Amino acid sequence: MFFTVPTILTWTRIVAIPLIVGVFYLGLPHPVQNMIATVMFIVFALTDWLDGFLARQLNQTSAFGAFLDPVADKFLVCASLLVLVHLGRANVFVALIIIGREIAISALREWMAQIGASRSVAVHMLGKVKTTVQMVAIPFLLFDGLLFDTIDTRFWGQWLIWAAAILTVWSMVYYLRKALPEIRQRVH
């Protein structure tokens, strides 16, 4: 199950990272760079939904795919946040909150899986909402202009990325509270 169609789609999110970063080093006019990076991010982010859908439809779900999918998502989001910080479009504190939470919750999930308690930190709706808000904020900030000559994407992107940071903390607290009974049992 290493090279199924769903897994290849997941790999594309990892391959996308240097492509999205590289757009900003091509010497193109800023609006063109912004548009290319935005479109690329949206297309690659949509592969997250598509790979899961195809894995179920084609009966090609696998443990490797289940591992790689969230890793690819986190790489794409974290790399995009770092680009946005570098471009001065995202606050470094927001990036640290979001990236730090991803590392902490990934480590918590790994540990919970090792002790056989992964169900207590399974993906919750709060985490899905956080991800959705991030996935809207990031392309708004990459675009960095007026969408349809009306929507100030920098303004709305800033609000959304801060909302994502708040949801990030909230979801981390949720997962930690769910794991707390297991943590207390194992800490002597």
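Phe155, Trp156 and Trp159 form one aromatic cluster in this predicted model. By the ring-centre criterion, the structure holds four aromatic pairs. One of these joins Trp49 and Phe53, whose rings are stacked because their centres are 5.2 Å apart and their planes meet at 15°, under the 30 degrees required.

**Trp49 and Phe53 in helix H2**

- Trp49 and Phe53 are four residues apart in helix H2, which means that about one helical turn separates them.
- Trp49 counts as exposed because its relative accessibility is 56%, and the cut-off for exposed is over 50%.
- Phe53, at 32% relative accessibility, counts as partly exposed.

**Nonpolar surface patch**

- Leu26, Leu28, Val32 and Ile36 together make a nonpolar surface patch of about 300 Å².
- Among these residues, Leu26 is located in the loop that lies between helix H1 (5–23) and helix H2 (30–57).
- Leu26 has a relative accessibility of 57% and therefore counts as exposed.

**Gly100 in helix H4**

- Gly100 belongs to helix H4, which comprises residues 92–114.
- With a relative accessibility of 32%, Gly100 counts as partly exposed, because this class lies between the buried limit of under 20% and the exposed limit of over 50%.
- Gly100 and Pro139 are 39 residues apart along the chain, and a distance of 21 Å separates their C-alpha atoms.

Note on methods:
Residues numbered from 1 in each chain as written. Predicted model: local features only at pLDDT ≥ 70, side-chain atom pairs only at ≥ 80, totals over all residues. Heavy atoms only, no water. Patch = residues over 30% accessible without salt bridge, like charges linked within 9 Å, V, L, I, M, F, W, Y side chains within 5 Å. Areas by Shrake-Rupley, 256 points an atom, 1.4 Å probe, with all protein chains shown as cover. Salt bridge = Lys/Arg side-chain N within 4 Å of Asp/Glu carboxyl O. Helix = DSSP H or I, 4+ residues; strand = E, 2+ residues; numbered from the N terminus. Buried < 20%, exposed > 50% of the residue type's maximum accessible area, 1.4 Å probe, protein only. Phe/Tyr/Trp six-rings, centres within 6.5 Å; stacked < 30°, edge-to-face > 60°.
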